[in-house]
Amino acid sequence: MDALVAHYHEVGLKGRNRDFFEQQLARNLKRSLRGLAYSRVRRGFGRIVVDFDEGAPVDQAAERAARVFGVAYIGCGRRIEPNLDEMERAGLELLAGEPFESFAVRSRRTYSSFEMKSQEINAEIGRRYKEATGARVDLTDPQATIWIDLFGGAALIYRKRLLGPGGLPAGVSGKMLALLSGGIDSPVAAWRMARRGAEVEMLHFHGRPFTDPSSIRQASELAEALTRYQLQTVLHLVPLGDIQREVVTNAPSSLRVILYRRMMMRIAARLAREREAKALITGDSLGQVASQTIENIGTVDAALDDGIQILRPLVGMDKQEIVDDAKRIGTYEISTRKHQDCCVLFEPRSPTTRAYPAQATKAEASLDVDALVGKALAEIETRILELPPP
Ligand code: ATP
Ligand code: MG
């Protein structure tokens, strides 16, 4: 193998932004392929082609490239001269790799890049493969597929095709700050917004000094998992333990969780402003737990008066759908490990399912909210995670 081609859907639809989007995608692909001996990355004809030096680990490169947001799919194969004999020769070489009984040829060409139509190429090349291998053509469920991609004066042929995550290149939607617990939902929420082009920084609250560091480890590993997609992640760690103690001693126990969450939001909003993040992201899903009834979500939001947007990409999803997503993106296994979450600290026996902003404000009257927020911000520890080299 000596070349990859990255195809994308939405990036191509963005009108005047198209150039910017494609540049960002090419940049992200290059970053993901660092250290894998590629020689050139070229944009054009609605795709990005990567050429490699001889002996480069192209299969490994394909797997990395297939995690880059914006990529619909990656073809991993060879660059050839755009003529029928080359398509025959190179395709038969690829087919010799693994045994098969049925096959399909699927070519695709940009306008007038080749004198024959795709259908005609498929038929002619299919005929030649059939003659050479004895295998039958099966267009519905072939055991092997040869893709031929013709564009400009160039051609790529491949047998290996990997689906990408789709979406938009990381970074094109600007920076956002995700509130990351150690649980299942918030990493999925962060991933979903990153797939829509957000550069997602993460903020994790831990219960130090009242909990062990297990949730910090958990959050770090989840942030690492996301880094496989967005290539770099900034993770902020904030101790919430002292604030929680204040809440416990000064406010009714049924409101505890809501008050923790309101403090989290205030700290997050201040940090977002410092970091120039345009929105907050949480993993709330309507009605999933007591703190996520529509009333309680509203009361949490009411803690903020600075107009920052709060995005909840999972709000309408069922738990099972979120779990499926978590498994697919590789965070489920991390999220389900045992860890000490700060929200269960001093957990009340009966949390309210309907708190109203006035109740929360009243309960907070005896707290020095500004001072607590300021203290937490001063104690933030920030880590920068990079995609590890291959
Ligand atoms: P998750 O699986 O994401 O923990 P959950 O169903 O357990 O969600 P909650 O514990 O009510 O729900 O949290 C709702 C959202 O609040 C989380 O998705 C996350 O965005 C934020 N959040 C909760 N705990 C923390 C924390 N310790 N640090 C940062 N954000 C948190
Ligand atoms: Mg949780």
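**Ligand 1 and its surroundings**

An oxygen atom of ligand 1 lies 3.0 Å from a backbone N or O atom of Ile 184. The structure is a predicted model, and the distances and areas reported here are computed from it. Two further contacts of ligand 1 involve the protein backbone. A polar backbone atom of Phe 205 is 2.9 Å from a nitrogen atom of the ligand, and a polar backbone atom of Gly 283 is 2.9 Å from an oxygen atom of ligand 1. Of the 570 Å² that ligand 1 exposes when taken alone, the protein buries 90%. The space taken by ligand 1 is the largest pocket.

The shell around ligand 1 comprises 22 residues, of which Leu 179, Ser 181, Ser 186, Gln 288 and Gln 292 come nearest. By class, nine of the shell residues are nonpolar, nine are polar and four are charged. At least two shell residues each are supplied by helix 5 (185-195), strand 10 (198-206) and helix 8 (256-275). Strand 10 provides the largest share of the shell, with three residues.

Salt bridges were searched for over the whole structure, and 34 were found. In one salt bridge, the side chains of Asp 51 and Arg 79 meet at an N to O distance of 2.7 Å. Asp 51 belongs to strand 3 (residues 47-52) and Arg 79 to strand 4 (residues 73-80), so this pair ties together parts that are 28 residues apart in sequence. In general, side chains of opposite charge can pair when their charged atoms come close.

Two backbone features were also noted. Most residues other than glycine have a negative phi, and most peptide bonds are trans. The peptide bond from Arg 208 to Pro 209, however, is cis, with omega near 0 degrees. Pro 209 is found in the loop between strand 10 and helix 6 (214-230); strand 10 is also the element that contributes three residues to the ligand shell. The other feature concerns Phe 45, which is not a glycine but has a positive phi of about 55 degrees. Phe 45 is located in the loop between strand 2 (38-44) and strand 3. Strand 3 is also the strand in which Asp 51, the partner of Arg 79, lies.

Note on methods
Residues numbered from 1 in each chain as written. Chains lettered and ligands numbered in written order. Predicted model: local features only at pLDDT ≥ 70, side-chain atom pairs only at ≥ 80, totals over all residues. Heavy atoms only, no water. Near = heavy atom within 4 Å. Polar contact = N/O pair within 3.5 Å; in protein donor to acceptor, adjacent residues only side chain to side chain. Areas by Shrake-Rupley, 256 points an atom, 1.4 Å probe, with all protein chains shown as cover. 1 Å grid on protein atoms, 1.4 Å probe; cavity = no way out; pocket = protein on both sides within 12 Å on 5 of 7 lines; lining within 4 Å. Sits in = over half its atoms within 2 Å of the grid points. Helix = DSSP H or I, 4+ residues; strand = E, 2+ residues; numbered from the N terminus. Nonpolar A, V, L, I, M, F, W, Y, C, P; charged D, E, K, R; others polar. Salt bridge = Lys/Arg side-chain N within 4 Å of Asp/Glu carboxyl O.
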